[in-house]
Amino acid sequence: MAMTAKRITQVTDSALAPLFKSLHSLRTMWQRAPKWARATGYLFVIVLAVLAPAQSIGNFMAPQSDWRTILFYPIGSYILLALGLNVVVGLAGMLDLGYVAFFAIGGYSMAVLGVNYHWSFWEILPVGIAAAALSGVLLGAPTLRLRGDYLAIVTLGFGEIIQRVANNLTITGGPTGISGIPHPPSVGTLSVLSYGVLDARPYYYLELAMIVLVIFFTTRLEKSRVGRGWVALREDEDAAELMGVPTFTFKIWAFAIGASVGGLSGVVYAAKVIAITPENYPLLLSVLILVCVVLGGSGNRIGVILGAFLVAWLPERFRGLANYRILIFGAILVAMMVFRPGGIIPAARRKAELLEGRGGGAHLGGEVDIEQPGSTPEV
Amino acid sequence: MHNLIIQFWPSVIDGTTTGAIYALMALGYTLVYGVLRLINFAHSEVFMVGTFASLFTLHALGITHAPGGIAAIGVFILITLAAMAASGLVAVGVERVAYRPLRKRNSTSLANLISAIGMSFFLQEVFALRYGRDLIPFPRVLQKNVLFHIGTGVVRSDKLLVVVGALVMMFILDRFVNGTRLGRGIRAVAQDPSTAMLMGVNIDRVITLTFLLGGIMAGAAAMLYGTFYEVTQYNIGFVIGIKGFTAAVLGGIGNIRGALIGGFALGLIETFGGAIFHAQWVDVVAFSVLVLVLLVRPTGILGENLQRARA
């Protein structure tokens, strides 16, 4: 089996080598490009994202359903969730299998406060984020001292508990959930900023703004002291501890930040859909978001966004696949771990770190030649 | 409180029954953890396949109502063997496909876990697509006769079968691991894989054997579950799997006798939890037990040093 696995790896690697190689050189080019060129690149991507709801694009991307709705959920929501989970799984190297719980906490914050207490969206948003972050800390504090796989099972249990609690309590409406959730207040008379029922565009733009913010914050974080601490504890927790990295505090931070992005995503989602039930938050969603992160390349934001887009969009575009979606994604998870654990676009920093004897730290200005064919990076 | 007093003996009996099934599942997690230091996430699907295997055997035999006498014993032997064979094969297959290629490359435990989750969802979907997503009923295999009373509790034949069947399986496993040459191989690898290898133990064979044993135990659990609850579903393994894992952690993961104690303890805790709060909170109680055990005593009741495994 191991032999065949190796052979298949070789075959796929050689077949796809030109693709991966071009991805590589593209990245090197990007990293060496001058600042103005990169700024233009970012601007181009943002313009593309702003134009995405156009009807002509929709005709191709999702001919069988409303493209604007799909852009909001699943595509936008999955991207937001995957970016949040990436902080926990990709950067800090902890496996969270109950990530949907934070999405649910955000959603129920919006629903309960909006319907019962008539708070507005912008008042609820920080509360929902804080509630998710707090529950992340409460869950993390007892479990983060344990080995990684225990954390995975405990978070899995937590995701289930949240769903069942929502199903059992009266304040969350039990199995029927909560309906009549208020929309965000409209701004001016612009059609793209008036939050109604039919047009999904305003919600998409709101979500897009959140995605840009999250990307901005996580990029800054990754390059900060905390980000370097995460890398250290991901690679070798004991060594990091010995070098004076406060591993426990940093783990809690990763958990809280990941959770707050989940909460944010949950509030935005609930503000559009009018009604939520516990069935909106199945375990499967946690797993799908994990697939987004792993498929794209955990630790690499571009990869993660691409992964989330593919996972969300493919079943919508090819409706015939929708039934087999979970089967295919399950197989993809195994195949990715066996053949290409780094994902479609492995994180550059991680790849550099794994080139033995080269010191790593390309982002910090270290001498690392990323073109070197190195060993396959691990998750 | 009054409720609790009335419910005391029935809760003890129900808790022991479900606990027996959890204990059998816990054995699978504990065996694999002992040898490989990894949590076999796909074990819940090994169980699920076992329930389907016994159901299909019943269909093939044309059983629609409980047979009597000698025929009943024959039917039981057949469905037990079918469930054990199917679960054992699936467990070994999972190891081959999802774990072995990763082990050869020294992957992280995170990679192993993700691979196992993929495997788990793949297996669930195979059954969901083939047999639908609804509950599938079992024909009755055993008349649910009242045998005798303990206090206010009623002991039914199916509950007795579950407890006795599980205890017999655990006894056989305990004798196998502690008393045979193959079992000695398992214990040697669990203690120190590299030294065991130097002493001439074939590690790959031991690992296959471990998954097979865990699968057989899950198959037995699946058969007992099928006769007791009389339903199955493509995702039936999920909750049972989490509880089996909780039981393994509660007793001290990596410890075979711990799995037994953990299983019965968890069964009793959640049944009493259900009697005190409400039946719909049973699963929440069980998950909370897992979090609490990890918080207060991560080594479990009988103890296995988890931190040692980290190095």
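The model is predicted.

Start with the fold of chain B. It holds 13 helices and four strands. Its radius of gyration is 19 Å, close to the 19 Å that the globule rule gives for 311 residues, so chain B is as compact as a globular protein of that length. Along the principal axes, its C-alpha trace spans about 55 × 45 × 40 Å. Of the 311 residues, 53% count as buried.

Now pick out B:Ala188. This residue sits in helix H7, which covers residues 181-191 of chain B. B:Ala188 has 19 other C-beta atoms within 10 Å; a residue counts as buried at 20 or more, so B:Ala188 is partly exposed. Beyond its neighbours within four places in sequence, B:Ala188 is in contact with B:Ala196, B:Met199 and B:Val201. B:His278 lies elsewhere: 90 residues from B:Ala188 in sequence, and 45 Å away in space, C-alpha to C-alpha.

The contact takes 40 residues from chain B and 39 from chain A. On the side of chain B, the elements that give two or more residues are helices H4 (69-104), H5 (109-131), H10 (237-251), H12 (282-296) and H13 (306-310). H5(B) gives the most, with 14 residues. By class, this side of chain B has 28 nonpolar, six polar and six charged residues.

Note on methods
Residues numbered from 1 in each chain as written. Chains lettered and ligands numbered in written order. Predicted model: local features only at pLDDT ≥ 70, side-chain atom pairs only at ≥ 80, totals over all residues. Rg over C-alpha atoms; globule rule 2.2 N^0.38 Å. Buried ≥ 20, exposed ≤ 12 C-beta atoms within 10 Å, placed from the backbone. Contact = placed C-beta atoms within 7 Å. Nonpolar A, V, L, I, M, F, W, Y, C, P; charged D, E, K, R; others polar.
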